[in-house]
Structure formats: C-alpha cells, structure tokens
Amino acid sequence: MRVSEFWQAVADEFGEGYGRTVTRDLVLGALGDRTPVQAIAAGIDTKEIWVALCASTDVPPNRRYGVGQLPQK
C-alpha cells in the first residue's frame, strides 16, 4: 500500500477531517505507541499502519482491504 493509497483509505473510511485528526492523535500500541502519522515518519509499512488503525477503531474486516486503492493507469 502506497502512502497515497493509505491517505485515500483514511479519507474513504473516516472522512477527510476526522481521518486527519484520528491519524494525528490516536496512539496505537501495535505501532510501538505511535500515531499513524508518526509511524509513517518512522518508515513503518503503510499496510501495517492501516490494519492497526482499522483494528483499533473497529472498522469491519470487509472494509479493511481494497479501500483507498488508486485506479490502475
């Protein structure tokens, strides 16, 4: 998952405003007690960040994969 796909998935699932807030403020133990934004800066794989974010915010499994995929060129 590319970083741009991660941000699209966040916007698709949470909305632009809340998505930016949750990724900036929610500290996730699965990411070493980092926020998603800090995890991206630390070089953690965005797919791992996305899965951890979904798990901690109770996103149903059927919406955890494929969301945010950019169209193929």
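User: What should I know about the model before starting?
Analyst: It is a predicted model, in which local features need pLDDT of at least 70, side-chain atom pairs count only at pLDDT 80 or more, and totals for chains, interfaces and linings use all residues. Residues are numbered from 1 along each chain as its sequence is written, and side-chain values use heavy atoms, with hydrogens and water left out.

User: How far apart are the end C-alpha atoms of H1?
Analyst: They are 16 Å apart, which agrees with the span that twelve residues (3–14) should have at 1.5 Å a residue. The expected span is 1.5 Å times one less than the number of residues. Helices are DSSP runs (H or I, at least four residues), numbered from the N terminus.

User: What follows H1?
Analyst: Gly 15 does, and its phi is positive, near 90 degrees.

User: Which residues of H2 are buried?
Analyst: Gly 19, Val 22 and Thr 23 are; buried means under 20% relative accessible area with a 1.4 Å probe, protein chains only. Seen down the axis of H2, these buried residues fall within an arc of 95 degrees, so they line one face of the helix. The arc is that of the directions from the helix axis to the C-beta atoms.

User: And what covers them?
Analyst: The cover includes H1, H3 and H4.

User: Changing topic, which residues does Phe 14 touch?
Analyst: Not counting residues up to four places away in sequence, Phe 14 touches Gly 19, Val 22, Trp 50, Leu 53, Thr 57 and Val 59. Contact means heavy atoms within 4.5 Å.

Note on methods: Helices (H or I, at least four residues) and strands (E, at least two) are DSSP runs, numbered from the N terminus. Buried means under 20% relative accessible area, exposed over 50%, partly exposed in between (1.4 Å probe, protein chains only).
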